[in-house]
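Open the model in your viewer and keep the selection tool at hand. This tour goes stop by stop.

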Amino acid sequence: MSALALTCSVPARAIPVVADRYDAFWLWAGVRPQPVLKQARQIYLLQGEVVAGDPVRLIAQRPAIPHITGPEVWMVVRVQTLRWTPHIYDQLLAQLTRWQAAGNHVVGIQIDFDAHTRHLADYAAFLGDLRHRLPGGCKLGITGLLDWSANGDPMGLDALAGIVDEVVLQIYQGHHVIPGYADYLRRLDRLPIPFRIGLLQGGDWLPPPALVTNPRFRGYVVFLTNPDMP
Amino acid sequence: MSRLCALILMSLACLAWHTPAKASGDFGCTPSWKLAHGNLTGCDNMAMLSPGNDTRINLLLLIADTPGNTSALADPKRPAPDALFEWSTLANRLSPLPDKTPSNDSSYADGEGSRCLSNMSGTADFEAALTAASKLPDNERAILVGTRRGLKPDCAHDGKADPSAAKAVAQMKSATGRAFAGYLLGAAAFYSGDYDSAAGQFAALRNSNQAWLKETARYMLARVEVNRLQLGAFDEYGALSPTAKSDQKISAGAEAALQDYLKVYPHGRYFVSARGLLRRVYWLSGDRQKLAAAYAALLAQSPASRGLADDALAQEIDSKLLPKMTADDTTNPTLLAVLDLVAMRMPDGVADKDCCGEPLTLANLEMQRHAFASSPALFDYLLAVQAFYVTRQPRDVLRLIPDHAAQGSFAYLDYSRQMLRGMALEAMADRNARGFWLQMIPGARRPFQRPAIELALGLHDERTHALDKIFTSQSVVQTPAIREILLTNVADARLLRQQANDTSSPAHERAVALFTLLYKDATRGPYADFGRDVALVPAGASSDPAYGLLGDNDPPLGIFTQTKTLGDYGCPALKDSEARLARNPRDGKAILCLADFMRANGFDDFSLDTQPPKDQLGGTPSLFPGSAYSRLEAYRGIIADPKAAASDKAYALYRAINCYAPSKVNACGGPGVAVAQRKAWFQKLKAAYPQSNWAQTLEYYW
């Protein structure tokens, strides 16, 4: 939100995110793979999108099944609605099996849903149910809004903490780093969940002083972008 | 500041991520409440064709204007949507599915074109065909059913064909049974990736006397070729490989096989699927012109006849065609217009300055004029967009788009034209701008049209110091978010009090007005007013933490009357502290009690202490006197006051130092102080008030 730009200090020494310095990446649909993926330890790969409508549908977003050898793979599902039909769960689990059968080292499923800051408890209930359906050993991760750390309902955050293995907090929206991200990050100590910070390739980043000493901080994930993207 | 985010997040359902090629990225949605959006953000889509819109939105708006398309009719039973929205909001609203049970398995043009996706539906179809085959002995039918059900393709690897199909063949005595078993042999080979064998089996069935086998074999022959084309086409990440060169011979074969099926079976059971596969062949082989022509043909059809919902079509065009399409690839006005709008994206503000390439020039746009011979209104609109966004000549917009604000109902193109004309009038400070917007209101009947005009009126009245017009009983501005943004950011005490008391206003708006009034009464100076206004808080009002104001739930007015969460300084109810401040604004205990109330109730950086940027709704200076509240400033006042009581000074020092705990960033608002000042405060607390609890409990400064 641009309101932030006026009211929040943007760190003067922030520097653009150079993907070469990181080892975990999101690869979204429409974004072309880059050589830096060869150094990845984790790749968060968009599989599909659960689209609202009647009926709710899971639409594949990759034109083919990946065959990634080496890095750990998180199968990412973008989710518009939490009203999943039994068929959606079947499709998702079948897809998980197929990715595994293709030789990908799938460590978990990441759900990318914009849970409102106030409704985290509802989201936690959905995730708790999903967790029970996943095969043993398959982790469950989510993306999170920066706002959660500042304003998330403490009970909702606690509920999430018991269910998900990690949350990746994005410090950007669209093609821009959220100008006031540093102000959100200062409250990260409120977040009772192991977390990563999601950075934007080429976007600004200055780690806040307390980040590296936060016991729940697990590192970064860089969202790759096409170099020629407007 | 962070609260403001929460507040706006809740007023528009916010999206984070989505996937189109031209709009790739993820979005935590916080819309910019203004009319001109030069660049894509994902959150600021409007119902007018615009450079800042997601390409899929521009496509969908143009599709909705297709003659006979009924999807864009407003449904009075549904609540009015907001002026600014995300892709999924529009897609769900404007794009009903062609039918309610789409087969997820039969769509190959988008998503994965894997040979295995049809396995489940293929089994059911096969069994239905067996049931319909009259000359098939029951025992053979049972064997065939069992064999088909047993076929479990290994989709990830190419392996050996399932031997059970060959066994079934051996058990067939009847000609019909042998034909169906032959199909199973082909299917087993297909699913195991043995395309030569599969093609041989299916070719042998092309003239079968079983209608289902005859048609299906011809379709499967084409699918074999498509799957052959896909070999090696993708990289390890499942993306189209940039280095793979598609084999012209194989792609020509796949195209011919699909065309053959489509020609023989123009109403066939696989028609929609085969046509989707044909587009996939064009995409795989990089034939942009044929791909564009295929989409141009689909754009003219209804969702039912193309077998593809409007939003799915827009999505597919966006991901498969637009990323590489150039203006030379098509003469279709819709596709060109969408491409041109992208080419006219411009930076929205300083932070955005590197966003966009060289914008489309007038000369280059003029070169497309012939392609728009059948759509002059669309072409003139593109010229006007070029004038407005690229060369910034609003006068040219007025010349290109005549005034036609009064219409019975607007198609989306008509609407876009008149909206842009209105924006040009505003840019030129034309004195009839307000009248123009009002003229547009009655015709704005389709989804998402009216709220954007209300936004225009809100911006206009705010900037012409006529906020009261928005809140008269005859006001046409009814969108809750627009009204509430103006109340929370700009309104003075009189207007807030008026809306808080107005029983004809929506309950949520009344509560927002009262919450804003009480908050600003309490923190900006008119303390005596707080005592009167707080009487308006209804009994039993919630006092839950205020996570946001503009969301669905009513704001928790009970926070101002509750006596449980008042802080750690032995403070009375807020209204008592306010009464003390009304008598003496320098009353140290009351200042600290107000600060502790704010701290304990989570009001640091609250949205009511920030404002949107100047060019957005709510961005003009607040008419409520006084300035944004800062706890740190309150503590500094006590620390600097020579007459302040020792106990108050000690607490003020303790709290001021804690503003920086533990992150070393000021959490209490205001400009802040250097670390040397925090150190000095810490030393003063320890030296001057060593006996105070606060000095004894504080071990560090930050």
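What share of the contacts in chain B with a separation of 6 or more comes from residues 24 or more positions apart? The share is 65%. Two residues are in contact if their C-beta atoms, placed from the backbone, lie within 7 Å.

This is a predicted model, in which local features need pLDDT of at least 70, side-chain atom pairs count only at pLDDT 80 or more, and totals for chains, interfaces and linings use all residues. Residues are numbered from 1 along each chain as its sequence is written, while chains are lettered from A and ligands numbered from 1 in the order in which they are written.

**Stop 1: chain B as a whole**

Select chain B. It has 31 helices and two strands. Helices (H or I, at least four residues) and strands (E, at least two) are DSSP runs, numbered from the N terminus. Of the 702 residues in chain B, 54% are buried. A residue is buried if 20 or more other C-beta atoms lie within 10 Å of its own, exposed if 12 or fewer, and partly exposed in between, with C-beta atoms placed from the backbone.

**Stop 2: confidence**

The mean for chain B is 86, and 87% of its residues reach 70 or more. Now select residues 1-28 of chain B: pLDDT is below 50 there, and the stretch has 129 contacts in the model beyond near neighbours in sequence. Next, select residues 97-110 of chain B. Here pLDDT stays under 50, and the model has 34 contacts beyond four places in sequence. Where pLDDT is low, the predicted coordinates should not be read in detail. The model scores ipTM 0.79 and pTM 0.83.

**Stop 3: a loop in chain B**

Select B:Gly540. It lies in the loop between helix H25 (527-533) and helix H26 (574-583) of chain B. Is B:Gly540 buried or exposed? B:Gly540 counts as exposed, because it has 8 C-beta neighbours inside 10 Å.

**Stop 4: a helix pair in chain B**

Select residues 588-600 and 631-640 of chain B, which are helices H27 and H28. They pack at an angle of about 160°, with their axes 10 Å apart. Axes are lines fitted to C-alpha atoms, for helices over the stretch in contact, and angles run from 0 to 180 degrees between N-to-C directions. H27(B) and H28(B) are therefore roughly antiparallel to each other. Angles under 35 degrees count as roughly parallel, over 145 as roughly antiparallel, 65 to 115 as roughly perpendicular and the rest as oblique. Show the side chains of the contact: residues from H27(B) include B:Ile591 and B:Leu592, and those from H28(B) include B:Ala634 and B:Tyr635.

**Stop 5: a strand in chain A**

Move to chain A. It has six helices and 13 strands. Buried residues make up 53% of its 230 residues. Select A:Val168, in strand E8 (residues 166-170). A:Val168 is buried, because 25 other C-beta atoms lie within 10 Å. Leaving aside neighbours within four places in sequence, the contacts of A:Val168 include A:Gly141, A:Phe195 and A:Val221.

Conventions. pLDDT = per-residue confidence, 0-100.
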